[in-house]
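Me: I have a structure open here and I'd like to walk through it slowly. Can you help me read it piece by piece?

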Amino acid sequence: MTGQNSTAPHRELLLEKIRSRNARVGVVGLGYVGLPLAVEFAGAGFHVTGIDVSSRKVDQINTGLSYVQDIPSSEVRRLVDKGLLHATTEFSAISELDTINIAVPTPLRKTKDPDMSFVVAAAQAVARHIHPGLLVILESTTYPGTTEELLLPMFEASGLKAGRDFFLCFSPERVDPGNPKFHTRNIPKVVGGLTPACTEVGAAFYSMALETVVAVSNTVVAEMVKLLENTFRMINIGLVNELAVMCHRMNINVWEVIDAAATKPFGFMPFYPGPGLGGHCIPIDPFYLSWKSKQAGIEARFIELAGHINGDMPRYVVSRIQDALNDQAKSLKNSRIHVLGVAYKRDIDDVRESPALDVIHLLLQRGASVSYSDPYVPELRLDSVALQAQPLSAAASCDCAVILTDHRAFDYDALVRTAPLIFDTRNALRGRTDSHILRL
Ligand code: SAJ
């Protein structure tokens, strides 16, 4: 059989299994993306097998415990007790599954090159157990071309043909941990397949558990969608960070400028300056794009420039602290600096790539002594230093308090009453005009 009808047996059988919820679903990588996805499909009535290299994660799930902030343990326990969700470290389970989503990390190396080792390891495991009728969907954020150039050859080495014997798609993850409004189910899901049949099967799969599916023409478009989304953020944050430096020099209140610009009801989206760019998405994803575009012979100048601006913000913040102390005839050296907030953004406990780590490192390097308060981060490990979180009252005995993460839990009234000098990098003290408050 050739052409479209050559996919008929596997395509139709898989579509029937999906539509009848008899498809046995697998998720490789049970992190903040994979576990919510597994729970979503189990909640939709599918038998889901979670696969992870961490036996600790596997054991926690199988005993009905969730380690992901947005997934209550009660939901995991309910699905495990119903026999709809179980986890294993055995990749051989793939041979019994009909669909596999791969949601493993895609970090950057120190050289700012993509580290594809987790994706390759997961794909190799899938390739060892690939079989006719399997749907494989990569969800890890990556450079355009990954699915077609890296995964496809690994899978077709089995002799099976994508689009005929098995189906291969890319679908960007859009999980936003802690977001009270948008969850896996109600965030529109983009999916692109290697062939039209792949896209059709991938879209049918997601439509069984998610509210909105956005089918695109191929895997490269789907890969690029995610990179545009996060590069857009990174570059606009870089823009407002540069604006903040300009405005300070010109004695203009950048926060008032942005708030007023945000009244424009169309064609504008506010971003806010800060101490730098943290997290495991925004500082990293754009460099997957610039790495690939460089291979295509095109310099991603916006990304590189925004990377420099955002990357320089910790140094700029320390220079502003130094100036503020200097105005009080104090040197930074031997001054006591109390940092408020070390997580990479407010109201979460994640310190990955947090600019607060860079600011603290630079302060220590310049001879200041540093303490911090963060209700979400009880202790902090920097190179050779381990810091314990202090109560906010420690700000009363410092030379300068610095707000790096504007957690809502902080008692800002107490801070303004007790700290002798405050440098606010997040406009957490919006509207206050006390003379000892300075802003980015
Ligand atoms: N930041 C600023 N100014 C801003 C916005 C963010 O300095 O105006 C800083 C934050 O403090 C943080 C970093 O940038 O250090 C990243 O912040 P983020 O708000 O982009 O949050 P993330 O890193 O959790 O990004 C995730 C992304 N979600 C996915 O990749 C699925 C991103 O696409 C979301 O838009 C973002 O959450 C969100 O909106 O919360």
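Me: Let's start with N230. Where is it placed?

Reply: This is a predicted model, and in it N230 has its place in helix α8, which covers residues 219–249.

Me: Is N230 buried or exposed?

Reply: N230 counts as buried, because its relative accessibility is 9% and the cut-off for buried is under 20%.

Me: What does N230 touch, leaving out residues up to four places away in sequence?

Reply: With those neighbours left out, N230 touches C281, I282, D285 and P286.

Me: Let me follow up on D285, then. Which helix is it in, and is it buried or exposed?

Reply: D285 belongs to helix α10, and with a relative accessibility of 3% D285 counts as buried.

Me: How far is D285 from Q365?

Reply: In sequence D285 and Q365 are 80 residues apart, and in space they are 29 Å apart, going from C-alpha to C-alpha.

Me: Back to α10 as a whole. How many of its residues are buried?

Reply: Helix α10, which runs over residues 285–295, is mostly covered, since eight of its 11 residues are buried. The buried ones are D285, P286, F287, Y288, L289, S290, K292 and S293.

Me: What covers them?

Reply: The cover over the buried residues of α10 includes α6 (146–156), α8 and α11 (301–326), and α8 is the helix where we found N230.

Me: And what comes just after α10?

Reply: Just after α10 there is G297, which takes a positive phi of about 85 degrees.

Me: Which other residues have a positive phi, although they are not glycines?

Reply: One of them is D347, with a positive phi of about 60 degrees although it is not a glycine, and another is E353, also not a glycine, with a positive phi of about 55 degrees. As background, most residues other than glycine have a negative phi.

Me: Where are those two found?

Reply: D347 is found in the loop between β9 and α12 (355–365), and E353 lies in the loop between β9 and α12 as well. E353 is partly exposed, with a relative accessible area of 47%.

Me: Changing topic to the strands: what does β9 pair with?

Reply: Strand β9, residues 336–340, pairs with β13 in the parallel sense over four bridges, and five bridges join β9 to strand β10 (residues 369–373), again running parallel. V339 takes part in both pairings, standing opposite V402 in β13 and having Y372 as its bridge partner in β10.

Me: Which way do the residues of β13 point?

Reply: In strand β13, residues 400–403, C400 and V402 point one way while A401 and I403 point the other way, and all of them are buried.

Me: What does β13 do with β14?

Reply: β13 and strand β14 (residues 422–424) pair in the parallel sense over three bridges, with I403 standing opposite D424 in β14. Together with helix α13 (residues 412–418), β13 and β14 make a right-handed β-α-β unit.

Me: Now the whole chain. How many helices and strands does it have?

Reply: The secondary structure of the chain comes to 13 helices and 15 strands. The radius of gyration is 25 Å, close to the 22 Å that the globule rule gives for 440 residues, so the chain is as compact as a globular protein of that length.

Me: What share of the residues is buried?

Reply: Of the 440 residues of the chain, 52% count as buried. Along its principal axes the C-alpha trace spans about 85 × 50 × 45 Å.

Me: How is the chain divided into domains?

Reply: It is divided into domain 1 (4–217) and domain 2 (233–439), and the contact takes 15 residues from domain 1 and 11 residues from domain 2. The C-alpha centres of domain 1 and domain 2 lie 36 Å apart.

Methods
Residues numbered from 1 in each chain as written. Predicted model: local features only at pLDDT ≥ 70, side-chain atom pairs only at ≥ 80, totals over all residues. Heavy atoms only, no water. Buried < 20%, exposed > 50% of the residue type's maximum accessible area, 1.4 Å probe, protein only. Pairing = 2+ DSSP bridges. Right-handed = clockwise from strand over helix to strand, strands pointing away. Rg over C-alpha atoms; globule rule 2.2 N^0.38 Å. Domains from an automatic or database assignment. Contact = heavy atoms within 4.5 Å.
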